[in-house]
Amino acid sequence: MLGTIGLLAEPTFAEGPLALHAPALLVPDETAGLGLAPEVAVKLAIDARGVVTGVEVTSITPASEYDALFRDRVIETLSSWRFAPATEKGKAVASTLDWRVRFPAKAFAEETIQALAPLPGADAEQRRALVLTLPVSQRRRILETETRTAITFLDPKRTHEFATPRFVVRSDADEERVAATVAGNLESIFNVLRDELLPGIALQPEPFKVQVFVFRTAAQHQALVSQSAPFENSAGYYHPAGLISLHLEQAVSDHVLSILLHEATHAFLDRHILRPGVALPRWLGEGFAEYVGNSAIQKGRLQPGKTFVHKYAFERGRVASFETFAGSRLEEAKEALRRGKGLGVQEMLEASPEIFYGEERDLYYSSAWLLVHYLRDGGAGWSTGRFPQLLLYFAEGYPPGAAFRTLYGDPQAGDAAFRQYVKSF
């Protein structure tokens, strides 16, 4: 994992070059498993467009017989980085940047990794981040083990499988077409995330497909969760090695699609956006997944940010109105604000894992969703400018406070605007 970038330590860094797209620096395949994680001093030449035009490696510490491989990997990777160029009197200019980068240290000894055992750390987001630092070969083995385990909980007489370019879906639902429908939905979700929700962000490639299990019963899903690392424990589950699990026993059919949207968002961020070893803040990771999961579907197309608070259905010969899952979340957050206990911007930014997943878990989830909604849709151009850039800053591991203040200003100053946004939602 790269170290903290010094340019971002202070809010005044906007005058210098700012990395916008920084693919992860991974050890060469020839050194995987050797435990080598050298620090490399580099000098970057960046033109007025933000394109890296030169990478000079000035030192590698500690030195080893593999220095040439590390040097080539640094030059190859950093040459693909893109920056917001340095500015001088408001005009973009070419610049040079002296930097030190570090190859990711191996998180654990390979022989001690147990695919189904809880990983170190009390926070699920930190455990996710650790999985993403593992070599691809090791993540693949973990995924294969998880997949074999999940298959044992399917009814073999009912199971159907359907594969697409990015997913393999297995289901033992009563209807044979469920696997194909879910696979198509997931491809559509990833396309919307790429093209509409996070435009302009180059995606990191993933070498293998997401394995998806759609169980007929809640008991099957919970049996898998009980056998796996405790990343989540809900109606939907995403394992960062690349597996999604959910079940069809939901009170309302819309909940199945909402869960699928939520877990697919976690998978998309982990696989294509996050730098290995970086954990998103709870409010952003869960808030963005809730934002996507609570978005309306109209004429077969996801409408990002548009939310149905109530829906209508025929019941006993008449049209009845029922509150959606998103509607109940919204009312909870609004009621908390009316009682003076609502969560503002600062509380969300500072929430520890223990607080976020504690006694007021539901309130934090709903508030995180609404904060993401505000940061994306609360101002003109925020959805295509500020919010994707904010997510990228966090995904690259930049200091959270500095990144937030740069794009949205002081959190306390924006608190009143956020609270008003929630009240009028």
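Which residue in strand 9 is the bridge partner of A163? The bridge partner of A163 is V168. This is a predicted model, in which local features need pLDDT of at least 70 and side-chain atom pairs count only at pLDDT 80 or more, while totals for chains, interfaces and linings use all residues. Residues are numbered from 1 along each chain as its sequence is written, and side-chain values use heavy atoms, with hydrogens and water left out. Helices (H or I, at least four residues) and strands (E, at least two) are DSSP runs numbered from the N terminus, and two strands pair if DSSP finds at least two bridges between them.

**Strand 9 and its partners**

- Strand 8 (residues 160-163) runs antiparallel to strand 9 and is joined to it by four bridges.
- A hairpin of three residues links strand 8 to strand 9.
- On strand 10 (residues 210-215), strand 9 has a parallel partner, with five bridges between the two; here V168 stands opposite Q211.
- A left-handed β-α-β unit is made by strand 9, helix 4 (residues 178-197) and strand 10; a crossover is right-handed if, with the strands pointing away from the viewer, the path from the first strand over the helix to the second runs clockwise.
- Strand 9 (residues 167-171) is largely enclosed by the rest of the structure, because five of its five residues are buried (under 20% relative accessible area, against over 50% for exposed and in between for partly exposed; 1.4 Å probe, protein chains only).
- F167, V169 and S171 are buried on one side of strand 9, and V168 and R170 on the other.

**Open sheet 3-2-7**

- Three strands form this open sheet in the order 3-2-7, with antiparallel pairing.
- Strand 3 (52-61) and strand 7 (95-102) are the edge strands, each pairing on one side only.
- From one strand to the next, the twist averages 20 degrees.
- Strand 2 (residues 39-46) is joined to strand 3 by eight bridges, and V40 stands opposite I60 of strand 3.
- Helix 1 (residues 67-79) lies across strand 2 and strand 3, at about 150 degrees to strand 3. Axes are lines fitted to C-alpha atoms, for helices over the stretch in contact, and angles run from 0 to 180 degrees between N-to-C directions; contact means heavy atoms within 4.5 Å.

**Strand 11 and strand 12**

- Strand 11 and strand 12 (residues 243-247) run antiparallel and share four bridges, with Y238 opposite I244 in strand 12.
- Three residues lie between the two strands of this hairpin, and G242 in the turn has a positive phi of about 120 degrees.
- From strand 11 (residues 236-239), G236 and Y238 point one way and Y237 and H239 the other, and all are buried.
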